[in-house]
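Good morning, and thank you for coming. I would ask you to look at the sequence and the model together while I speak.

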Amino acid sequence: MLYLAEVQKQKGGLLSGSSKTELKLLACQRTDQIWSTVSEEVIAAEEASKLNDGALVLVEVNPNRQVQRIQEAGRPLVNILQNFSRQLEKFKLKEDEIDQWKQSLTFQAQELNRREMDMEVRMEQLQQIEDDFQKLEAQKQEFEASRQEIEKLQQQIERDRLELSGAWEHLRGEQRRLEEFQADAQQGKGLDEEQSRVLSELLDRLSSRVAPTETVREHLNFAFELVEKQQATLNEHWQNLEQQKTVATQQQQEVDSLAQTFSDHQNAWQESQKSLQQQTSELKVNTAILTSKQEYAQLLKAQLQSQENLYHQIQSLAASSSDMILCEVDVKALENMSLEELQRLVQDLQEKFDIDSSFVHDQEQELKYKQEAIEDLKNKIHQASDQDVINLEMELADEKDLYQMLNESLVGQRRNLLQRQNLLKQHQTVLLQRQGHTVSHEPEAAKIDLRPILLQTDNQRQQQSQDLQKLEREIEQLHSGIELAQGMIDNQSHDLEQQHQELKTMEENLQTLRTATSECWGRVKLYQEALQPIQDCLDGLRQKLQAMVEALAQVQETGDYQLQAISQMRHTLLGLISQPELLAS
């Protein structure tokens, strides 16, 4: 199991001069992304003696609590922190996306509630209009009944007028007869009793035949009251019509304002769309440049790897050459040292060399595993979908960074291992000589000075490494710029998509409002078409009633004139009657 541990070194006493190395376990890896703290436990680990006190390492421990493998924790911790930062960024993006969805859903819910309220108001308006139409239909029936009543009154007045005309003609005939009687009376002729009686009866009949106008006037007044009552009701509907016109005008203004706003937003969206297309084109160009630089960087890395291999091969050859002295040993001090102490020293050097050799071998294996992981990721990238390529490329970049870091650290470790090996060989040589053994030496012809070649190779390697680092910095900057541009493009695309949805919603609202406004104007037109004929009919009835009033006034005037003529005829008749008893009758 893999643990995160801290190196602790306990120095021994002055006599022993040795130190004890232990590992304090801090955390345990449960899964690839989950670590949990453990109870403080200390295990012995002499393999970590070369590490500094307090250093953090990753250690693999078997079930028997024995150390199997130790690795410096610096770079893995950085990798874990980078993964954690990416997860935080992903979570933040998800939270922002969720907030945007919440805002969109809230806006849609508010818009739906507003439209439901508008529909309820329109349903109430339609119900009110239906009620008004029913009232208008009832009033229309009342108008029809009033019109029929007025026509009956008009017919009665016409009949009375005809009767009055007949009575007037009869009166004129009696007046002519009276004038004849007056002419006879002037000639000395008098009226006898029978003639006087007949004339008196005729005058009484004429007086009783005068047309009464009071009943007709009462009917006319009642008809006028009905007309005014209907006009008052109709005036309320005319006021409702004006209110409907006002509402329709306001809705039309709102439609015009919303149409202008929609046009402005649509123009702004189109401009943003053009800008996004331009940024996308620039991003494609920068991506092509990044690809070319990455290919060149791969070429430089391959060359640098070749230089590394050449350098290590030359270094190995130089290490085996006697002319390439990697460390100086005080041979005289070793010869003066006691044999037992020299043996212990050689044994300590052999143990340290074995530990370093094991550690370097583990690092070499780790480097090999990293190379295999990189090749595996490259194969996955070629077979992955577009959505997974970005994550795999980021993981590949991290693995390459780890490989580069581990490879660079191995350069110094290999050099130190060669120095320890040379130091051990020199001590072993002195020990063998003091024990009486014969030590064979390499012939002089095999000794070659490889230091100039090694120096030149190292200079070339450093120069290529600097060029590669410079190129990698440029690639990193370009990659950061592309990521930033991609993020901006993604945000702008999301914003444009949201604005496009808002434009669709605004267009739907505009269309709904236009439909409602058209319906409102249609109701106003229908209302006006329904009211105007009723108003015209009512105005016609009022004119007919006014004509009937004028005709009734003429009838009244004619009746008064008839009564006045009858009175004059009675007065004339009194002068012609010779018997006083006839006058009384």
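Helices and strands are taken here as DSSP runs numbered from the N terminus, a helix being H or I over at least four residues and a strand being E over at least two. The model is a predicted one, in which local features need pLDDT of at least 70 and side-chain atom pairs count only at pLDDT 80 or more, while totals for chains, interfaces and linings use all residues. Residues are numbered from 1 along each chain as its sequence is written, and side-chain values use heavy atoms, with hydrogens and water left out.

Let me begin with the overall layout. The chain has five strands and eight helices. Along the sequence, the order is β-β-β-β-β-α-α-α-α-α-α-α-α. The chain has 585 residues, and 29% of them count as buried. Buried means under 20% relative accessible area, exposed means over 50%, and partly exposed lies in between, with a 1.4 Å probe and protein chains only.

I turn now to helix α1, which covers residues 74–186 and contains Leu88. Leu88 counts as partly exposed, because its relative accessibility is 44%. Together with Phe84 and Phe91, Leu88 makes a nonpolar surface patch of about 330 Å². Patches are built from residues with over 30% relative accessible area and no salt bridge; like charges are joined within 9 Å, and nonpolar side chains (Val, Leu, Ile, Met, Phe, Trp, Tyr) within 5 Å. The areas come from the Shrake-Rupley method with a 1.4 Å probe, and for residues only the protein chains shown count as cover.

The next topic is salt bridges. A salt bridge is a side-chain nitrogen of Lys or Arg within 4 Å of a carboxyl oxygen of Asp or Glu. How many salt bridges does this rule give? The count comes to ten.

One of them joins the side chains of Arg114 and Asp118, at 3.0 Å from N to O. Both residues lie in helix α1, four residues apart, which is about one turn of the helix. Arg114 is partly exposed because its relative accessibility is 36%, and Asp118 is partly exposed with a relative accessible area of 26%.

A further salt bridge brings together the side chains of Lys301 and Glu472, at 3.6 Å from N to O. Lys301 belongs to helix α3 (residues 214–320) and Glu472 to helix α7 (residues 451–576), so this pair ties together parts that are 171 residues apart in sequence. Lys301 is partly exposed at 28% relative accessibility, and Glu472 is partly exposed at 29% relative accessible area.

Lys370 and Glu399 also form a salt bridge, their closest N and O atoms being 3.4 Å apart. Lys370 lies in helix α5 and Glu399 in helix α6, so the pair ties together parts that are 29 residues apart in sequence. Are Lys370 and Glu399 buried or exposed? Both are buried.

Glu308 lies in helix α3 and counts as buried, because its relative accessibility is 8%. The C-alpha atoms of Glu308 and Thr457 are separated by 8.7 Å, although these residues are 149 residues apart along the chain. Gln404 lies in helix α6 and is partly exposed at 24% relative accessibility.

I close with a pocket. On a 1 Å grid over the protein atoms alone, a pocket is an open set of points where a 1.4 Å probe fits, with protein on both sides within 12 Å along at least five of seven lines, and lining residues have an atom within 4 Å of a point. The second largest pocket is lined by 36 residues, of which Pro76, Asn79, Ile80, Asn83 and Leu402 lie nearest its centre. The elements giving two or more residues to this lining are β4 (56–61), β5 (67–72), α1, α5 (339–383) and α6 (386–434). Helix α1 provides the largest share, eleven residues.
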